[in-house]
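Open your viewer and follow along. Each stop tells you what to select and what is there.

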Amino acid sequence: MGDMTNSDFYTKNQRNDSNHAGAFGCSLMELRSLMELRGTEAVVKIQEDYAGVEGLCQRLKTSPTEGLAGDAIDLDKRKEVFGQNLIPPKKPKTFLQLVWEALQDVTLIILEIAAMISLGLSFYQPPGEGSESCGTANAGAEDEGEAEAGWIEGAAILLSVVCVVLVTAFNDWSKEKQFRGLQSRIEQEQKFQVVRGGQVIQLPVSDIVVGDIAQIKYGDLLPADGVLIQGNDLKIDESSLTGESDHVRKSADKDPMLLSGTHVMEGSGRMVVMAVGVNSQTGIIFTLLGAGGEEEEKKEKKGQALEDGHQLADCSHPSSHPIATIATDGAASANAPGNTSLVNGKMQDGNMENNQTKVKKQDGAAAMEMQPLKSAEGGETDEKEKKKANVSKKEKSVLQGKLTKLAVQIGKAGLVMSAITVIILVLYFAIDNFVLQKRPWLPECTPVYIQYFVKFFIIGVTVLVVAVPEGLPLAVTISLAYSVKKMMKDNNLVRHLDACETMGNATAICSDKTGTLTTNRMTAVECFVADVHYKEIPDPSSIPAKTLETLVNAISLNSAYTTKILPADKDGGLPKQVGNKTECGLLGLVLDLKRDYQTVRNQIPEEKLYKVYTFNSVRKSMSTVIKLPDGNFRMYSKGASEIILKKCSYILNEVGEPRAFRPRDRDEMVKKVIEPMACSGLRTICVAYRDFSGDPEPNWDDENNILTELTAICVVGIEDPVRPEVPDAILKCQRAGITVRMVTGDNINTARAIAIKCGIIHPGEDFLCIDGKEFNRRIRNEKGEVEQERIDKVWPKLRVLARSSPTDKHTLVKGIIDSTLVDQRQVVAVTGDGTNDGPALKKADVGFAMGIAGTDVAKEASDIILTDDNFSSIVKAVMWGRNVYDSISKFLQFQLTVNVVAVIVAFTGACITQDSPLKAVQMLWVNLIMDTFASLALATEPPTESLLMRKPYGRNKPLISSTMTKNILGHGVYQLIIIFTLLFVGEQIFDIDSGRNAPLHSPPSEHYTIIFNTFVMMQLFNEINARKIHGERNVFEGIFRNPIFCSIVLGTFAIQIVIVQFGGKPFSCSPLDLEKWMWCVFLGLGELVWGQVISTIPNSKLRFLRGAGRLTQKDEMTAEEEMNEDQEEIDHAERELRRGQILWFRGLNRIQTQIEVVNTFKSGTSFQGALRRQSSTTSQNQDSAKSPGLRVQPTK
C-alpha cells in the first residue's frame, strides 16, 4: 500500500515541477539532491550555486529574518510545488477484511462445518420412514416438530458464529478508528516555532512549508529538512538516520545541513526549510521501506505504531482468539506487504525503531508456532526459524499464554467427550438392533439408519459446542476493549492492548521525578539576597532598589527569549510556563517581585544582545553580554550555585553595594544557605553579573578570563513541588505489592528530599539512595562489564537513583527483569519523557510516556501514553489491568461450571437414555447465555479500590485459583444432583408423564422442559455467584454499579420465559404452569444459598485442591527450565498441540511421583497451610499455590 500512495505522490510532484519551476528559483529535485550532501561539500555547493544561504532564501522567496509573509495563496502554492509536510498513512483495513480475519478462528471453523452438515441433513428426508422392519430404537426419535425444526439447529449455530465474528471485527475496526482519531489528535498537538511576517508563531508540524524559517532549540525533533542560517553551539543527534551516536556539531559555515527526524541536543538556531514530507530524508527512507505511514514516522506519529499490518494481530487478535492466535496473525501478516520489509529495514537500521518487536516478534512467533496446526501437523516449520522468532524475551502476554493453554486443554477434553458420546450411542444402537434383536441390515432401511447416526453425530457436536469455550476470546476482547476505552477517561492512552493487562501483574515501577512525581512547574520559593536568607519570596520594598533592578535585568535578559509565562488557559488555573522550566521559575520570581520581564526585553530585543554563551553540560551556566549606552559592557550570568559562586569575588550587600566575597565566605554560604535549600528538595541557582570597560574591548573568546571575578546578586531556591495526589498513589502501589523506585537526573539531596515527600522512602527504613556513579561502581566488575549477580545485590533495596544517565536507567530495568533472585519474574513498568529514555521504555514490560512533556521519541517507544503526565494515572492503569484479569477469571468460573455440567448431562443422558436430556437447540441457547451474554456481563465489571489491596498475581499463577476450583466443583455437584434427580424421578415428584424413552413423534414433554428450565435458572443465579472469585460472602456488592450485568440477567430471564411458554417444537419445550415455574426458580435460587455453603468450606480442608495447585506450579517450573535450555519460549499450549501424547504420559508420571513427594512432605505442607491461614489478606494468599482443578478435570 505504502509504495502505491507514495509513488503517486512523486509523479504528482514531478508534474508540478515542470509547470512551476519558474515560480521559485529552484525545483523540488534540486532541493532534494542538495539535502543529500553533507558537511563542507554542502557549504561549497550552496556558495557556488546559490551564493550562500541568503541567495537560497531569495530563490525560495523568503526572508532570513522576517520569514514568509504567510498569505494563503503563497502557502498553497508552496504545498503544491514542494509537497506537504506529512507522509500519507496506509489505508486502513476494510471491515470485510477484518471479518475474514476473525473467521480464521479454529473453533469457529469447527462450528461452521458442523452447522453446514447439520443444515444439509435437516433438509434430507429419508424415504421409508418408520418402516417397522427397521427397528424401533427410539434413540434419535425425531418427532415432526424436530424434523420441521431441524434446520433451526444449524441456523442457530451459524447465527452464533456470525455474532462472534461481527463483534470481533467491529472491535478491531473501532479500535483502528480510535487509533486514527488519536493519531490526528496527536498530529495537531505537535507544534513547532516558525517565523512568519516577523512574528514567532507556533504552527502544527503538518503546516510547515518549504521556505519557512524555523526556530530550533534544545530538545526539538526537527520536523523537516533545512539549512542552518544562524546557530549558537548547535549539536544534533543524528543517530536515528545515520546510526552514529556521537553528536554532530552544526554551524552555518561548516555543516549547515539539518535533517528531519534528528534531535537537537544542545544550543539553538534558525533554519530555512528545504524539504518536507515524503521528500525529506526521513520521508525518503519511509518510501523505500514501503511503509507509507509507518510507525517510526517521526513527524506525526505516536499512535501510528499500530497502523501497519501487524496492527491487528498485535492489537486484538492474540487477545481475542487465544484458541487460534494462529490464523489471525498469519492472515494479518499476509495482508501487509510492507510489513516484512519494514521489520528487516528496521532491524538493520539498528538504532531506528530497533524493534517494536515487543509486538512483532511475539506475533511472528505465535504465527510460526501454530502453523503446524493448519497444515494438519504435517509441515513442521523450520526449527531454526522458530528459535529465531522466539529469542525475544517478550513472550505472548501472560494472560494470553494461560488462556491459550486452557482453551486447548478444554477443547481437547470436549473433543474426547463428544467422540466417546458418539461412539457409545452408535455401539448401543448397533448392538441393540443387530446383535440382541438379530435384525438383518436391510438396504431400504439404510437411510433411516444413516439418519440415526447423523442424529448421534449432532448430539456429539452439541457436546463439543458446549464444551469449547468460544466465549473466552470474546470475553478477553470485550474486557480489554472496554478497559482501553475507560482508561482513556483515566488519562491512559493505550497503544498496545496487552500492555493494559500486563500492568495488572506489575511488581515494580521505575518512575522519573520531574513532571511525573512533581508538577514540572518550577517555582522560586526561597532566596538569599542583600545578605538576608528569605524563606519565602520577599516584598520588593525590602530589597535595595539598585539590587532589585540589577536582578530583574539579569533574569529577564539572560534567558532564552522563547521562555515565557503566559496567562492561564482557564480561569483559576495556574499560569502557563513555556520553554525552559528553570528559567520560567526565575521569570516567575520577577513577576512575584511585581516587575515585568517583557518591558525589559522590549528595550533590548534579542538582536541587540552582544554575545551569548548558551548553557551546555560543560559550562553549566549561561551568560549574556549587553552593550551599555556609555560604550561599556555588562555580562549577566546564571547557573548552578556551586559553579557560579566559585567564580564570584564580590557580592551585593544589604544596601546594594558590592563587597568582597572570599573563599571562606563562600564555604559559610554553602553551609548556611545552599545545603539547607538542597536538603529541603530545592534546586539552587545563583545569579551574578560583571562589568567590563569598552576600551579596550575584552577578548570574548577567552572564556576563562571572562567568566571570573563576578559579583553575586542573589541565590534562588527553586522548587518543583510534588503533585498533591502522588503520595497517596504511591501508598496504594506499596499496598498493592508494587515497589516504586525513583530514577532522576537531579542531585542526590534534592532527590532524597522529594522521595521522602512522596513516601517512596520512609526515614529509618533499610534502603539505598545512590547516584549514578556509585551505582555503576557497584554493578560493574574490574573490566567495567555489568554483572547480573552484582545488580542482584543492589536492586532489591534500591529506592532512589540520582544523577542517573539514560544508560543507567536501561541497565537497572534490564537487571530487574533478568533477575532470578525471586521466584516470580519481576514485571517492570517504566515512565520516561526524554528522548534518551527510549531504550528503557522499550526494554520494560510496560513503558509509560508522558503525553505533555514527553518527546516524540519517548512516545514512540512506549506502550501507554499518560495524557496528563500524572503518576496517579499509573495506579489507575494497575487497577484496570488487574480488573481485566479478574473479569476473565469470573467469566471462566461461570463458564466452566456450565461446561462441566452440560457436558456430563449430555454425555450420561445420551449413554443411559439414548438421547440427550438437553436438546441441541437448547444447548445452543445455554451456550449463547453462558458465552456471549455472560462474557458481556462479567467482562464489564468496573474496577474497585479493593483490587489494589492484594499482591500482584505472578506469571506462573494458574488461571484458576483453588477458590475458583472449589466453586466450580461445588456448583457443578449441586447442579448435577438436581438435574439427575429431575431426570430419573422428576415424573414422580411433579406427577407428570415421563419424558424418557418417549415414543416416536411425541410432542415435547413437560418433564424435559422442567429439566431445561431448571438448568437455565441455575445458570442465571450462578452468574451472580460468579461475580466474586476470592471467596467473598456478599455476591451482590456493587451489582448496581454495573448496569450491563443487571440488564443481561433480567433480559435472559425474560427470553427464557418466552422460550419455555412459546418456544414449542423448535425448542422442544412445552408450556409450564405457575407452580412448576416457581419450583424451577426455587431450585435456581438454591444456587445462591449453596454458594454461601461452599464459601464456608476453608480451602485448607480441601487438601487435594492445593496439591493440584502446587503440581501445576512445579510443572510450569520444570517446563520453563526445559524451555530456557533450548532458548525456546513456546507456549505450553502450542507445544502440547505438537506432542500432546508424549506430554500427557510424561505429565501422568510426573503427577504420580509428585503425589508421592507431596505425601512425604505432608508435615511441611500443613506448616505452610498454617502460615497461609494467618496471613491477613483473604484468600489471596491461598491463591499463591492456585489449583486449576480444571487442569485435571477435563481428563477425568
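Contact means heavy atoms within 4.5 Å. Helices (H or I, at least four residues) and strands (E, at least two) are DSSP runs, numbered from the N terminus. This is a predicted model: local features need pLDDT of at least 70, side-chain atom pairs count only at pLDDT 80 or more, and totals for chains, interfaces and linings use all residues. Residues are numbered from 1 along each chain as its sequence is written, and side-chain values use heavy atoms, leaving out hydrogens and water.

**Helix α29**

Select residues 748–758, helix α29. Its buried residues (under 20% relative accessible area, 1.4 Å probe, protein chains only) are T750, A751, A753, I754, A755 and C758. What do the buried residues of α29 pack against? Show helices α26 (663–679) and α28 (726–735), then strands β21 (739–743) and β23 (798–802). Now step to G759, which follows α29. The phi of G759 is positive, near 90°.

**Helix α22**

Next, select residues 545–557, helix α22, and pick out S556. Is S556 buried or exposed? S556 is buried, because its relative accessible area is 0%. Leave aside neighbours within four places in sequence: S556 then touches Y561, L587, Y597, V600 and R601.

**Helix α20**

Last, select K177, K485, K486 and K489. These residues gather in a patch of positive charge on the surface. In such a patch, residues have over 30% relative accessible area and no salt bridge, and like charges are joined within 9 Å. A salt bridge is a side-chain nitrogen of Lys or Arg within 4 Å of a carboxyl oxygen of Asp or Glu. Helix α20 (residues 471–489) gives the largest share of the patch, three residues. K485 lies in α20. K485 is exposed (over 50%), because its relative accessible area is 53%.

Definitions and conventions:
Patch = residues over 30% accessible without salt bridge, like charges linked within 9 Å, V, L, I, M, F, W, Y side chains within 5 Å. Areas by Shrake-Rupley, 256 points an atom, 1.4 Å probe, with all protein chains shown as cover. Lys, Arg positive; Asp, Glu negative; His and termini not counted. Charge placed at Lys NZ, Arg CZ, Asp CG, Glu CD.
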